[in-house]
Amino acid sequence: MSEPTFHGDRPIQSENEDRFGFAALANRVSESLTTQAANKGFVFGLEGKWGSGKSSLLALTLLRLRDMDPAKVAAVEFRPWLIGDRDQLLSALFEDLAKAIAGLQHAAGDATGVTKLAAKDVAEQVKSFARHLGPVGKLAGLLGVVIPGASIAGELLDKIGAAAAEQADGPTLVAQKEKLAKALLDLNCRIVVAIDDVDRLEPKEVAELLRLVRSVADFPNVSYLLCYDATALSRAIETGTGVASGTAYLEKIIQTEVAVPRPESFALRRWFSSELQLFAECGEERVPYLLQVIDETGGRVLENPRAVVRILDSLRVYWPSLMGRADLADLVWLRMIAVGSPNFYRWAEEYLVTFVALAGGRVHVSSEEREAMAKQMDEAMKLDGLDWEKHQFELERHLPGIQYQTFNKDKDERLFSRAKQASHAQDAKDKRLASPSHARLYFTLIDPPDGVTDLDIADLLAVARDGVNAVAFLLINMGEQKGDAGATKAERLLDQLRYMEQDVLLSWPVEILIMGLSNAADELARDASGDDWGYPRIWYLAKELLLRLKMALPEERFDAALKGVFQASTSLGFLTYLLRDETFGHGFFGNRPDPNERLTSQDGFDVIRATMLNRYSAGGLDKVMEERRATSMLYAWSQAGGRDHLIELVVARASDEVWLLKFIQKLYGPRSTLSLEGLASFFKSPVSIIRRVYALLETDPENQAAKNIIRSIKSNIHLNNGDFEAVLVEWEARESGGEDEDSAAGPPEGPKVA
């Protein structure tokens, strides 16, 4: 593998670089230009689409011309796009002609002196003609002599000559031109003026150049070799001159035209592949996929030499930064798409940004959003000449979440499919474009702040040797590194680890990793923006990892590790989250047990439940209320079997009205509302509590805490202007048969609630 050398879309400079047989055509063109009848000028066209290799063919032709007898053939490269106006265009062309003639003069030497004297005479006449053309060109422009539609040969030149005669003494411009033409004919040397990229000039400049070539500077023994795309040039002629048919106009200018040979697709793809091997490496198992990209996508995109050069140069930029961190087949595909299908490329980048955010749990894509993005995809593909039916398999091989077989066509579920979500780990391992941890790397050349690499996993295992605290510290540090989707590196890591293969997990120090993760969990959850529906996304990912470990590890090993976490972890909020899931999962509370979401067996659940109840009690009610996740902890304490004990603790404090209002406010949050069922977890008579709060509000209408509690309970019941008192009475009827009034509820008769 060699150092990458940028081509920069420059034409080839020697026959050794000729890959497509241009040299043979260059020889024939050069012979035609130097052997045609000499009594008139000659205009030869090299026609081909942009990127077809016209400039390379021209370069080889000039090389061949310059290899001919320098005393008989002179080659000039005229660059009109570097020239500002008409006067400069005229003077520059004749200056180049004078230099070419001077070159012929120098090459002739003193052998006979005849050619040298003739060349000197022609050079002087060229300069004289050019001096007269300068003011005439300006005058012609001012007088409107050079107008669209003027005949190319005689009429235009006659008008210029007449204008010159009025402006200067001596022979007319026509007479000077005739004298110059005779001198060039007598010189018997050939001058070839090559002009590349004629079609890239501004339309008015195109018109000026063609008139100059065909009318003003059509001299004997002077040939013009023009390079252009016929379609683009015809369009420029129509715009610049106002003629109806640029093609017909061009036919009057160009006497002979040769099309640049179009290289075969196989040759272009073979060239691309051989060049790629010089600076990029591909793993043996991925070589078939790389070849498929080159053949399939390359067969569509590598349509001319310029496309090959552009994509190779693009890869030369990207590969040094991505070597070892990206999949070459995916990268080649993406760079081909960037060059060949720019609209779809921009869509793909937007899609991957959204997919990465979705994989990290930072966004939720609705059916409407999915359908809208699918519509945008179809529109982008259409603009680039692509079609879903033809290219769906190609997209599925490189982009994540693409579903091309069984999907609901009515809802357009082609995108954001979760069917292959389990492939995230393999995609990450292979550093694929479809990996949420690697996707942005393919566009930005640098790892996203939340990207996870093999080195990150190696670091995790390395710090595990130093113990639980070292693991927690590393994870907390990762939690501070956020990507553009809002996810943290810690979230990405957990998301990736939950798809690790079983034999890999068995060899890891799982007990240390689980405890370190648990100890870091509450700190990792401090950023509220990482919450999903009131719960930290990092906790969800941590539990998913625990479920994966449960499946991968022997039962006794996992149960022991989990038991240790509930006994010793410092993250009481995270443990509460797990406890509530287990409480519902086992059906201990609620009526929808879910065996698939359980971390523990029945015996294991009883153990962790007792452990957590003891930890809540040991800390005390006030300690729990100070916790950031106090609401969840209070419900977990009650629902896991501590309701009676918790009610006793609440009764002991509820006589303090300030404390009571503070406690009730802990039972709901900004994303939830207070319910009578929720109050029943802490009070034997929820209605009595509501009446007591209402009484406090009547006594002090400015009591904001009481006002908020009443507003929240009404919002939960969804009265819609119904009778709140009737709801409370109905609830009291259900409470009958038990203790009528909670000892914490205040006086026996509460007020009626409006």
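Helix α24 is mostly covered, since 13 of its 16 residues are buried, where buried means under 20% relative accessible area, exposed means over 50% and partly exposed lies in between, with a 1.4 Å probe and protein chains only. Helices (H or I, at least four residues) and strands (E, at least two) are DSSP runs, numbered from the N terminus. The expected span of a helix is 1.5 Å times one less than its number of residues, so α24 (residues 537-552) should span 22 Å, which agrees with the 23 Å between its end C-alpha atoms.

This is a predicted model, in which local features need pLDDT of at least 70 and side-chain atom pairs count only at pLDDT 80 or more, while totals for chains, interfaces and linings use all residues. Residues are numbered from 1 along each chain as its sequence is written, and side-chain values use heavy atoms, with hydrogens and water left out.

Serine 571 lies in the loop between α25 (555-568) and α26 (572-585), and serine 571 is buried, with a relative accessible area of 1%. Its side chain reaches two backbone oxygens, as the table shows.

| Side chain | Backbone oxygen | Distance |
|---|---|---|
| serine 571 | serine 518 | 2.5 Å |
| serine 571 | asparagine 519 | 3.1 Å |

The mean pLDDT (the predictor's confidence in each residue, from 0 to 100) is 82 for the protein, and 81% of its residues reach 70 or more. Over residues 110-114, however, the pLDDT is below 50. Where pLDDT is low, the predicted coordinates should not be read in detail.

Note on methods: Contact = heavy atoms within 4.5 Å. Polar contact = N/O pair within 3.5 Å; in protein donor to acceptor, adjacent residues only side chain to side chain.
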